[in-house]
Amino acid sequence: MPLPTLTIPSMRRLVLAAQGLLQPPAAPAAKSDVLAAIRRMGALQIDTIHVVARSPYLSLWSRLGDYNPAWLDQLLAEGALFEYWAHAACFLPIEDYPYYRRRMFENGQKSWFRTSDETVARVLEHVRQNGAVRSSDFETPKEGPGGWWSWKEEKHALEHLHTTGELMIARRHNFQRIYDLRERILPSWDDTRTPSWDETVRFLTLKAVSALGVARPAWVADYFRLPKLRVLKELKDLVQEGLLLPVAVEGWEEAALVHPDRAAQLEQAAAGELEATYTTFLSPFDALIWHRQRQLETFNFDFTLECYLPAAKRVYGYYLLAILHNGELVGRLDAKAYRKEKVFEVKALYLEDGAPANEELACSLSAALRACAAWHRTPEVNVLKCQPESFLPLLNHALKA
């Protein structure tokens, strides 16, 4: 039986549909939509850079539009989410906790935060006796003149205990982690319910393919940072068992994979019935683009995070957002939200070669910029530079309209 065949545009639309980025939000966001979006992605990556909104909040805005960022914090504090290592440090749906508990056992053997056993035991006992803590609770005044200093060993101990699962993140305050005992956060949890490693790999492999929409086998392991060879074997087994659907994509030599939950969307994509109508901006840590090779092979978009490079080596800017427009990644922008001044500044906006630098794109981008700025509570939008230069007057005209 021949495989379903997708063109490159239809493949991209199925990927965007799986990630919740195909079309604008159908209705104003509710708190439940935040949880639904994280469940759809499987993981919401955490990063602390905040020249614009921190990445987890921005990734939700990209999918939901105007929403209350406090909802994410509330869902964590209420226990609908938990934090752990997935693709990186991530917010995760609490129903997936059993599988990450297995990863905690595995990670306990190789925790990169390990410090002395005495310090770990002392910190754990402190939490047990005194309740939830922040790392800053282990700061103490210097003897003699000077300010405050941090006991680095205690921070390492907290992170080690979180990695091994003895501590969980109870909530965040001003984005600082607050740690507490697992048994206080999940009092009903019983370690005898922990799935095996084989069950965990299978569960997360299926979840990754579902979140990816269309997946080349080589992409899957990275989504939740699973062992590559183990995942490739699992994918073959899942296809043989009918638990994953192979599909052909024009120009790709090997078959791609689709989760059966996406079967209806697959049919729509193959028939050309998925329409991409959304313009928005993506954090560099967004699940759609966090794997650089995947974004290159999917969207022909070469996107590198430059904030960790010395300024002299940056090509585009410090903190770049990708521009999604009607199913294509058409450019990037270097933005900063000046919250006190209520200004959203685009230091530079770069369109890809071949992107339609026309009035239609200018209108779509201006609407997205105004929406993003309004959500940041920085309603004044200033665009300083565009490439090509001829696009700047078009964009400024649309912003003023």
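Trainee: Why does Cys-363 count as partly exposed?

Mentor: This is a predicted model, and the value used is computed from it. Cys-363 has a relative accessibility of 38%. Partly exposed covers what lies between buried, under 20%, and exposed, over 50%, so Cys-363 counts as partly exposed at 38%. Cys-363 is found in helix 14. Its C-alpha atom is separated by 15 Å from that of Ser-390, which is 27 residues apart from Cys-363 along the chain.

Trainee: What makes Arg-377 exposed?

Mentor: Its relative accessible area is 51%. The cut-off for exposed is over 50%, so Arg-377 is exposed. Arg-377 is found in the loop between helix 14 (359-375) and strand 15 (380-383).

Trainee: Is Lys-342 buried, exposed or partly exposed, and how do you know?

Mentor: Lys-342 has a relative accessible area of 46%. That value falls between the limits of 20% and 50%, so Lys-342 is partly exposed. Lys-342 lies in the loop between strand 13 (328-338) and strand 14 (343-351).

Trainee: What is the phi of Lys-342, and what is the phi of Arg-377?

Mentor: Phi of Lys-342 is near 60°, and phi of Arg-377 is near 65°. Each value is positive in a residue other than glycine. Most residues other than glycine have a negative phi, which is why such values are pointed out.

Trainee: Which residues does a cis peptide bond join?

Mentor: The cis bond joins Gln-387 and Pro-388, with omega about 10°. Pro-388 lies in the loop between strand 16 (386-387) and helix 15 (391-400). Most peptide bonds are trans.

Trainee: Why is Thr-194 called buried?

Mentor: Its relative accessibility is 11%. Buried means under 20%, so Thr-194 counts as buried. Thr-194 is found in the loop between helix 8 (182-185) and helix 9 (197-212). Neighbours within four places in sequence left aside, Thr-194 is in contact with residues including Pro-98, Phe-105 and Trp-189. A polar atom of the Thr-194 side chain lies 2.8 Å from the backbone oxygen of Asp-191.

Trainee: Why does Asp-180 count as buried?

Mentor: Asp-180 has 11% relative accessibility. The limit for buried is under 20%, so Asp-180 counts as buried. Asp-180 is found in strand 8 (residues 176-181). Among its contacts, leaving aside neighbours within four places in sequence, are Val-127, Glu-166 and Ile-185.

Trainee: What makes the pair of Asp-180 and Arg-184 a polar contact?

Mentor: The distance between their side chains is 2.8 Å. A polar contact needs a pair of N or O atoms within 3.5 Å, one able to donate a hydrogen and the other to accept it. The pair of Asp-180 and Arg-184 is a polar contact.

Conventions. Residues are numbered from 1 along each chain as its sequence is written. This is a predicted model: local features need pLDDT of at least 70, side-chain atom pairs count only at pLDDT 80 or more; totals for chains, interfaces and linings use all residues. Side-chain values use heavy atoms; hydrogens and water are left out. Helices (H or I, at least four residues) and strands (E, at least two) are DSSP runs, numbered from the N terminus. Buried means under 20% relative accessible area, exposed over 50%, partly exposed in between (1.4 Å probe, protein chains only). Contact means heavy atoms within 4.5 Å.
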